[in-house]
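Hi there,

Here is the protein I promised to pass on to you. Please have a look at it first, and then read on for what turned up.

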Amino acid sequence: MILKCIPGGIFLTNCYIIGDEETNEGILIDPGEQMDEILAEIKNSGLKITKIVNTHTHIDHVAGVQQAKEELGVKFYLHPEDEPVLQVLPEAAARFPQFGNVRVPEIDVYIEEGDEIEIGSLKAKVLHTPGHSWGSVCLLIDDHVISGDTLFAGSVGRVDLTGGTSMRELVGSIKSKLMTLPDSYNVYPGHGPFTTIGIERRSNPFITGDMDIL
Ligand SMILES: [Zn+2]
Ligand SMILES: [Zn+2]
């Protein structure tokens, strides 16, 4: 399995490319503002990107989707409960003029809990983890978890942005969908450094109970 992280944009958002060495196919996850770097990395990797899949649709994760769709000629996969977040993208773009003219991409394929998205001979299993946004998902590929803005190294996502629900629901999603995975599994968040399920289980204050959750 090939995994490349391309951080960039004003919020240093992690875009990921996941590829299958056997078939040379790959998927693009959360292409944000840093499209020049992302397209260069795809070219460099030699992978044929077959899908764009988003963990959720906050502007820093979705700003590059329309351009990526056009340049790569591929479909955009999203959980339907994040569609309302996507629809207010122009308002988010007005608040963050640094992003320039952000276009709202059309969703081509809806993904749901338990779906398996093909990446050549690999599969990305969809885990619906509402909290940071209604339709936030994590993607499980072998022992690798793309966690979006649901789980970070030592922290969790905010629940006060568009589509956010409650800290109780967010932490509930993490405990029921992610903390049931083995300690050895690697976690690749939407911002900041990589971590593992075991490290977060032992030391993330939102999970250990050291942080009061209202
Ligand atoms: Zn977000
Ligand atoms: Zn983010």
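Before anything else, a cut-off you will need: a residue counts as buried if 20 or more other C-beta atoms lie within 10 Å of its own. Please also keep in mind that this is a predicted model.

In other words, strand 9 is mostly covered, with 5 of its 5 residues buried.

Which strands does strand 9 pair with? Strand 8 (residues 122-128) pairs with strand 9 in the antiparallel sense over 4 bridges, and here Cys 138 is the bridge partner of Leu 127. Strand 10 (residues 144-148) also runs antiparallel to strand 9, joined to it by 3 bridges, and Val 145 in strand 10 stands opposite Leu 140. The hairpin of strand 9 and strand 10 has 2 residues between the strands, and Asp 142 takes a positive phi there, near 50 degrees.

**The core**

The largest nonpolar core has 51 residues, and those touching the most other members are Ile 18, Ile 27, Ile 29, Cys 138 and Leu 139. Strand 9 (residues 137-141) gives the most to this core, with 5 residues. Beyond its neighbours within four places in sequence, Ile 18 is in contact with Met 1, Ile 2, Leu 3, Gly 26, Ile 27, Ile 29, Ile 119, Ala 124 and Ile 141.

**The overall picture**

Stepping back, the protein contains 8 helices and 14 strands. Its radius of gyration is 16 Å, close to the 17 Å that the globule rule gives for 214 residues, so the protein is as compact as a globular protein of that length. Along the principal axes, its C-alpha atoms fill a box of roughly 45 × 40 × 25 Å. Of the 214 residues, 45% are buried. Among contacts with a separation of 6 or more, 61% are between residues 24 or more positions apart.

Strand 10 and strand 13 (residues 186-189) run parallel and are joined by 4 bridges, with Ile 146 opposite Tyr 188 in strand 13.

There is also an open sheet of 6 strands in the order 1-2-3-4-5-6, again with mixed pairing. Its edge strands are strand 1 (2-8) and strand 6 (109-110), each of which pairs on one side only. Within this sheet, strand 4 (residues 48-53) and strand 5 (residues 75-78) pair in the parallel sense over 3 bridges; Phe 76 in strand 5 is the bridge partner of Ile 52.

**Two helices worth a look**

Which residues of helix 1 are buried? They are Met 35, Ile 38 and Ile 42. Seen down the axis of helix 1, these buried residues fall within an arc of 60 degrees, so they line one face of the helix. Their cover includes strand 1, strand 2 (13-20), strand 4 and helix 3 (65-72). On the other side of helix 1, the exposed residues are Asp 36, Ala 40, Lys 43 and Asn 44. Leu 39, also found in helix 1 (residues 35-45), is partly exposed, with 19 other C-beta atoms within 10 Å. The C-alpha atoms of Leu 39 and Leu 72 are separated by 9.1 Å, although these residues are 33 residues apart along the chain. After helix 1 comes Gly 46, with a positive phi near 75 degrees.

Helix 6 (residues 167-178) has 12 residues and reaches 16 Å from its first C-alpha to its last, close to the 16 Å expected at 1.5 Å a residue. Its buried residues are Leu 170, Val 171, Ser 173, Ile 174, Lys 177 and Leu 178. Down the axis of helix 6, they fall within an arc of 155 degrees, so they line one face of the helix. The face turned away from that buried side of helix 6 carries the exposed residues Arg 168 and Ser 176.

Methods
Residues numbered from 1 in each chain as written. Chains lettered and ligands numbered in written order. Predicted model: local features only at pLDDT ≥ 70, side-chain atom pairs only at ≥ 80, totals over all residues. Core = buried A, V, L, I, M, F, W, Y, C linked by C-beta atoms within 7 Å. Buried ≥ 20, exposed ≤ 12 C-beta atoms within 10 Å, placed from the backbone. Contact = placed C-beta atoms within 7 Å. Rg over C-alpha atoms; globule rule 2.2 N^0.38 Å. Expected span 1.5 Å × (residues − 1). Arc of directions from axis to C-beta. Pairing = 2+ DSSP bridges.
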